[in-house]
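This report concerns the packing of helices, domains and chains in one structure. The sequence and the structure are shown first.

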Amino acid sequence: MISQQGSFLNSEKVQTKYSLEDFPNLKEFREFIVQGKIEFCIERAALMLEFLREKGGLDYTDPITRQAAVLKYILENKKPNIFPNDLLAGSSTSKRKGVLFYPEFLGLGIWPELLSLPIRKKNPYHINAEEIIKLDQEIMPFWIDKNVPELVRKKLGDGDKSYRLHEKLFLYMVAKYNCQSHTIPDYQKVLKFGIEGIISDIKKRIKNVSGEKKKFYNAMKTALEGVLSYAKNLSKEATRQLKTCKDPDRKIELKKISEICKRVPAQPATTFREALQSIWICMNALYQEQNNVGFSIGRIDHLLNPYYIHDIKSGKLTRKRAIELFSHFWLKIGDNIPMVPESGEKLFGATGSNQAITIGGCDKEGKNSVNETTFLSLDVVELLKVRDPNLNARIREDDPDDYTQRIAEVIFNTGSTPSLISDKWVIPALQKIGIEQEDANDYAQVGCLEPNSPGRQFGHTGSLLINCTAPFILAMHNGNSNKSKDLGPKTGELSEFTSFEQFLDAVKTQFKFIIENATRLNNVCGETYKYLHPQPLLSALFEGPIQSGKNLLNGGATYNSSGIAFIALADLIDSLYAVKKLVFVDNKFTLEDLGQMLKKNFNDNEKEYSYILNKMNHFGNDKQDVDSLAQYLIDFLYEICTSIKNYRNGNYLPGYWSMTIHSGFGKVTGAFPNGKKKCEPFTSGLTPFSKTQKNGPTAVFNSLANLDCTKMPNGMALNMKFNKSLFKIEKNKGLFISLLKGYFSKGGMQVQYIIQDAETLIDAKQHPEKYPDLMVRISGYTAYFNDLNDHMKDEIINRAIMQI
Amino acid sequence: MEKIKLWYYKFLGKLLLDYSHKKLIKLNNEDPLFHNFVSNFKGKIIISTENNEIKRSLIFNGNGNIKYTKKKVNEPDASFIFNSIKDLYKFFRNYGDVYEGMLENRFKIRGNSNILFKYQFLTNYFNPKKEKIPISL
């Protein structure tokens with residue numbers, strides 16, 4: 001067995017830079033992943049239907065036994081793909097690059113556009129006539145009355161308040177309708193013990209239990225046996241291809257693939273390549289169990305480094321070959337695309353599968369653990385410049401200088417990645433919610449940037465998306481919105497507010513009401529999963545369920561939580577400050593006047609609009625009065641969220657990131673007192689309003705660093721944009737690093753960058769064909785600029801450009 | 001002026017609604033591929049405004065027949081309840097999308113939204129704004 005502790009090979013720190021020209025096969029694969037056609041895959045849904053029809057429907061046995069049997073059937077019959085030049089066997093879908101389709105979640109939302117999918121303008125999915133007919137006539141009708149949204153509706157009834165509010169979409173969105181995969185499985189366990197080792201542990205425990213526990217252990221065993229079958233089929237497929245292969249080099253690869261798939265993930269990994277293959281097969285298997293939305297990989301440098309060091313030392317591996325294999329793995333992760341309906345592109349446009357990888361940081365004891373594979377990861381991301389996976393780098397005060405410098409270099413060269421996160425504040429944030437020190441030290445990012453303790457914290461970090469501007473709208477309209485009546489509690493007409501405190505109380509009442517309804521609906525979704533979608537495989541690949549005999553959905557993980565992403569907090573901060581200052585302190589106008597101004601989109605109120613933008617203080621300018629209001633709201637949200645229990649007896653955790661939803665919400669919302677006009681996007685993550693960032697990056701950093709980040713356990717996103725040309729001057733690179741270190745030292749938790757010249761972005765909007773792989777940071781994930789809708793492209797173009 | 005506008009929306013809204021559903025029935029009778037899509041679909045749908053100024057029911061009976069009526073059917077599987085006649089008019093004028101309609105807050109959905117997705121699949125069949133791939137039985 002390979003030791004899990006790696007050592008640093010000093011000689012390897014002298015790095016040879018490679019380009020894609022050094023790896024022709026990799027170059028072709030990359031081009032395919034970036035620009036190749038996306039095919040809609042119905043394999044999983046068709047196999048699942050085949051199995052359930054044969055058995056007579058969902059209720060032929062208990063839910064956990066059923067799900068294990070379904071999964072095993074899918075894995076046994078899934079096409080064992082090994083594409084030409086593949087170094088790792090297996091694929092997420094039956095296609096080389098496919099859309100994963102899950103009819104039991106929100107898959108049926110694609111029904112309206114089945115006939116236009118291959119020719120829709122934004123992100124087309126190729127599908128043939130036979131598949132369309134199969135979907136329309138067999139698969140979708142089977143699920144029409146039993147997918148998650150329909151079961152939740154049946155449970156609650158049409159008139160239920162939480163359900164009805166969700167329908168409005170602008171208040172909150174319950175992501176659990178679509179998945180609960182925003183988490184990190186325990187891949188360490190697979191590498192260390194192998195699937196057979198895990199099965200043997202389960203077998204020992206089965207002997208001593210009965211009833212539900214026995215069913216659960218048997219279900220985990222069945223699911224794991226499915227993974228073994230899939231690996232065996234891949235090995236057989238490699239052997240089959242070997243028989244007809246004429247190319248001697250390819251023959252060697254196929255022989256190797258066949259041998260490796262015979263060994264892993266059944267057995268513990270013994271080499272770097274086996275470790276990659278083992279993780280990749282488990283990832284494929286997990287996607288068959290449940291929707292891949294942010295199924296994250298964890299600390300890849302920690303997982304792989306012992307194997308890398310071992311292979312390099314023993315001469316089995318060269319650094320160049322390691323880059324080739326690792327890059328292949330990296331590209332494979334992008335072989336699947338989440339299904340997004342055309343209208344969904346407005347809210348979630350251009351998203352990949354958002355699988356986070358984390359590098360850097362410390363070991364469980366708190367000792368800096370930047371290693372060889374950390375640098376290897378940076379080399380790979382710089383070489384490939386692809387959207388997926390989403391790389392996050394942990395930053396510490398005791399980091400070696402060459403690590404920080406290398407990270408900066410990779411950000412300059414890719415223009416967008418990695419995202420940076422500070423150990424100094426994340427670790428205490430996790431400890432504050434009850435994660436033990438050594439487990440907190442081991443944290444990694446999930447999805448966009450949410451910190452979780454990998455393999456032991458079942459955190460579904462993207463459970464809920466809540467619009468922070470909604471409570472403001474409801475407070476301004478006494479519980480109504482512009483379009484709908486009686487949404488929230490009656491908190492008073494505008495004329496009745498005589499102080500800012502009263503108005504703030506109204507907003508807080510509306511906020512509490514929204515959060516309570518959103519979390520209630522999320523909990524009902526969770527209960528629905530217990531019937532429709534328990535997860536025996538993920539349970540087996542997690543710390544806790546095997547030890548306790550308790551399914552993940554019943555709280556079997558060592559730590560349980562549900563993450564909320566609050567969207568557009570900066571808009572709320574500035575808007576509340578505007579009400580306080582302009583209405584109640586300076587008496588410039590009344591609340592009713594403000595309401596009228598917003599209704600008219602500030603038309604006829606140019607003077608007031610200009611005052612708001614240019615004279616009033618705004619968040620992000622290092623102004624204590626606004627920043628303290630921001631902290632007040634963050635404290636308030638932390639208290640409420642952490643006091644509510646989820647269906648697994650964990651707490652809700654607040655975070656501040658928005659993907660592209662700030663743009664979607666903004667598009668359907670009117671003017672706001674911070675100066676946002678009708679249809680303009682809201683602010684991304686916790687980034688200050690771009691029209692009012694006047695005092696440069698230091699002020700933005702100071703405002704953010706003034707906040708207590710330990711009250712953001714579900715992460716936060718600060719977006720910053722710099723002109724690329726700025727870094728042609730060597731001195732500026734050093735200043736960039738100093739600014740970053742200062743921010744993290746003072747209290748900053750996270751930052752991510754777009755390093756791109758304004759002209760390039762404008763040109764890319766006008767001539768997309770010239771920029772097929774231009775990457776930008778959204779608010780959490782990285783996207784190809786071309787894939788974004790125009791509204792989001794404008795949001796990126798209009799982000800404030802920082803100067804150093 | 002407001003009254004004239006309302007009358008206009010009501011007149012055109014009804015016209016669009018009836019036109020598109022009559023077209024649905026015509027296609028079902030004349031186009032074998034479309035008929036195939038309808039053939040095993042079972043569902044009762046109500047389309048109405050909140051104040052019931054406009055109300056129509058559409059019944060897919062599961063054997064390939066479609067019934068369109070001005071009466072409200074009992075126990076519908078799904079309903080579109082538009083906030084106003086203007087919202088209904090705008091939705092049908094643009095061959096509306098269910099998600100977009102929800103996002104724009106034009107209507108409430110009651111019942112099983114999956115039924116409405118299938119319904120939209122059928123109406124998109126003759127939506128000139130949606131390009132479609134050629135498909136044959």
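The model is predicted: local features need pLDDT of at least 70, side-chain atom pairs count only at pLDDT 80 or more, and totals for chains, interfaces and linings use all residues. Residues are numbered from 1 along each chain as its sequence is written, while chains are lettered from A and ligands numbered from 1 in the order in which they are written.

Two packed helices are described by the angle between their axes and the distance between the axes. Axes are lines fitted to C-alpha atoms, for helices over the stretch in contact, and angles run from 0 to 180 degrees between N-to-C directions. Helices (H or I, at least four residues) and strands (E, at least two) are DSSP runs, numbered from the N terminus.

| Helix pair | Angle | Axis distance |
|---|---|---|
| H8(A) (211–244) and H9(A) (248–263) | roughly 160 degrees | within 8 Å |
| H8(A) and H10(A) (272–289) | about 120 degrees | 10 Å |

H8(A) is therefore roughly antiparallel to H9(A) (angles over 145 degrees), and their crossing is left-handed, with the near helix turned anticlockwise from the far one by less than a right angle. Residues are in contact if their C-beta atoms, placed from the backbone, lie within 7 Å. Contributors from H8(A) include A:Leu234, A:Ala238 and A:Leu242, and those from H9(A) include A:Leu254, A:Ile257 and A:Cys261. This contact has seven nonpolar, four polar and three charged residues. Here Ala, Val, Leu, Ile, Met, Phe, Trp, Tyr, Cys and Pro count as nonpolar, Asp, Glu, Lys and Arg as charged, and the others, Gly among them, as polar.

H8(A) and H10(A) are oblique to each other, and H8(A) passes H10(A) in a right-handed crossing, the clockwise case. A:Gly226, A:Val227, A:Tyr230 and A:Ala231 of H8(A) meet A:Ile281, A:Cys282, A:Asn284 and A:Ala285 of H10(A). Six of these residues are nonpolar, two are polar and none is charged.

**Domains of chain A**

The domain assignment, automatic or from a database, gives domain 1 (40–76 + 84–145), domain 2 (147–178 + 455–680) and domain 3 (295–337 + 351–446 + 718–804). The centres of domains 2 and 3, taken over C-alpha atoms, are separated by 28 Å. Their contact takes 16 residues from domain 2 and 13 residues from domain 3.

**Contact between chains**

Chain B places 30 residues in contact with 30 residues of chain A. H5(B) supplies the largest share of the chain B side, eight residues.

Conventions
Angles under 35 degrees count as roughly parallel, over 145 as roughly antiparallel, 65 to 115 as roughly perpendicular and the rest as oblique. Two residues are in contact if their C-beta atoms, placed from the backbone, lie within 7 Å.
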